[in-house]
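Subject: Structure handover

Hello,

Here is the structure I said I would pass on. My notes on it follow below.

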Amino acid sequence: MLNTTAALLAAICLSFTPIYDEDEVPDYTLPDPLEFEDGSPVEDADDWMEARRPEVLALFREHVYGHRPGPPASVVFEVIEEDPEAMEGDATLKRVNIRSIEDGNEHAFELILFTPNAATEPPPVFLLMNNRDPENTDPTREERSGFWPAEQVIERGYAVAAFQVGDVAPDSADRFREGVMRLFEDPEEERAPDGWGALAAWGWGASRVMDYFETEDSVDAARVALLGHSRGGKASLWGGAEDERFAIVISNNSGCGGAALSRRRYGERVSRINESFPHWFCVNFREYNGREDELPVDQHMLVALMAPRPVYVASASEDNWADPRGEFLAAYHAGPVYELVGETPFPVDEMPEPGEAAHGTIGYHLREGAHNLTPEDWEHYMDFADEVLADEPSE
Ligand code: GTR
């Protein structure tokens, strides 16, 4: 049996040829976010927020990302370093150990936070779920990376924070249950078909950071932007859907299982992602390998789960594996939900050209170039935050 499964997987792997030609994208019909599962229409904002949104959230939990637990019995925050003269006096650095405790077991991961010393009131924060090496978020600033250009963010008056997703749940099919998941289940036991995967666990970690921000006077917890790139962008979207405390949710080049529409099957596909990264999603998601049309949801509904909060999807022009057009279309087709809840609908009907951005309550840009998170992307995110936060001053 095992051998047959392995042989089958190898065959799928060998036979996989991604679609990179728009003409080869099959016809598809997206599920309507504004229609209940029983076929009745979602008529107003209350219908969406109180009934259809929970229905859509439940569908994603059951079929795509798995069910994550609530907060642990207790969370403890320990400041392990504080430097009020970081970045040559421009910022205050805090490194915080976030310890989750459940049934006598413990799990800890570290948060790095810089706040601008020039701030006259608690500033909004950009929180990066870092899926790359920790050097990208070096708290000493000896290493500097465009992936997390902390000085550039501080300069614009925002606080900037990061944690390593792998510290919350290792990004490994063999070890992903050895992080925080072992507080809630026995990693030796078989995973429930709708049990959480690593992407959901990373978002759970972001929620613990939010718990910390709520205790921290130097930042405004009501104005936190959650940001992730690629697999981190899939996790930021799902984390922002699960935790409505995040005021802005940003997905950079998140692709399949993130912002890209699954039904387009362009670039990376459901079968391929489940095979390469079996630990990211719930086991049930594998039912949709090669059967995208049977999914009860598509990724525009994930984007719509942020409504009425500002949400941002960004693509890169050469990032075909992530399907830039599919990412654009998910943002676009979330528009009707935003409109229903009284927010500015998606501001354009056509996909922006490389280098262009379009900002409503849903933001989008197509950066020229390859799969990456760059200072140019950050500049767009801060422009967007300036706009949407100016509309809604914090209480
Ligand atoms: C790729 C994967 C993508 C994307 C990317 C990344 O190998 O196929 O879905 O998540 O990794 O995270 O950089």
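The side chains of Thr 92 and Asn 117 are joined by a polar contact of 2.6 Å. A polar contact here is a pair of N or O atoms within 3.5 Å; within protein, one must be able to donate a hydrogen and the other to accept it, and residues adjacent in sequence count only if both atoms are side-chain atoms. This is a predicted model, in which local features need pLDDT of at least 70 and side-chain atom pairs count only at pLDDT 80 or more, while totals for chains, interfaces and linings use all residues. Residues are numbered from 1 along each chain as its sequence is written, and side-chain values use heavy atoms, with hydrogens and water left out.

Thr 92 belongs to strand E2, residues 91-102. Helices (H or I, at least four residues) and strands (E, at least two) are DSSP runs, numbered from the N terminus. Thr 92 has a relative accessible area of 15% and is buried; buried means under 20%, exposed over 50%, and partly exposed in between, with a 1.4 Å probe and protein chains only. Setting aside neighbours within four places in sequence, the residues in contact with Thr 92 include Glu 82, Pro 84, Leu 113 and Asn 117, where contact means heavy atoms within 4.5 Å.

Next, the ligand. Around the ligand are Ser 230, Arg 231, Lys 234, Glu 268, Ile 273, Phe 277, Trp 280, Trp 321 and His 371, each with a heavy atom within 4 Å of it. By class, this shell has four nonpolar, two polar and three charged residues. In that scheme Ala, Val, Leu, Ile, Met, Phe, Trp, Tyr, Cys and Pro count as nonpolar, Asp, Glu, Lys and Arg as charged, and the others, Gly among them, as polar. Polar side-chain atoms lie 2.5 Å from a ligand oxygen in Arg 231, 2.8 Å in Lys 234 and 2.5 Å in Glu 268. Taken alone, the ligand exposes 320 Å², and the protein buries 79% of that; the areas come from the Shrake-Rupley method with a 1.4 Å probe, and for residues only the protein chains shown count as cover.

What is the disulfide count? It is zero, a disulfide being a pair of cysteine sulfur atoms within 2.5 Å. The sulfur of Cys 256 has its closest cysteine sulfur in Cys 282, 14 Å away, and so is too far for a bond. Cys 256 is buried at 6% relative accessibility, and Cys 282 is buried at 1%.

Some backbone points remain. Most residues other than glycine have a negative phi, and most peptide bonds are trans. Asp 103 has a positive phi of about 55°; this residue sits in the loop between E2 and strand E3 (105-116) and is exposed at 71%. Asn 253 also has a positive phi, near 50°, but is buried at 0%, in the loop between E7 and H8. The peptide bond from Ala 307 to Pro 308 is cis, with omega near 5°. Pro 308 is in the loop between helix H9 (299-304) and strand E8 (311-316).

Both Ala 307 and Pro 308 are in contact with Tyr 338. Tyr 338 lies in helix H11, residues 335-340, and is buried at 0%.

Regards
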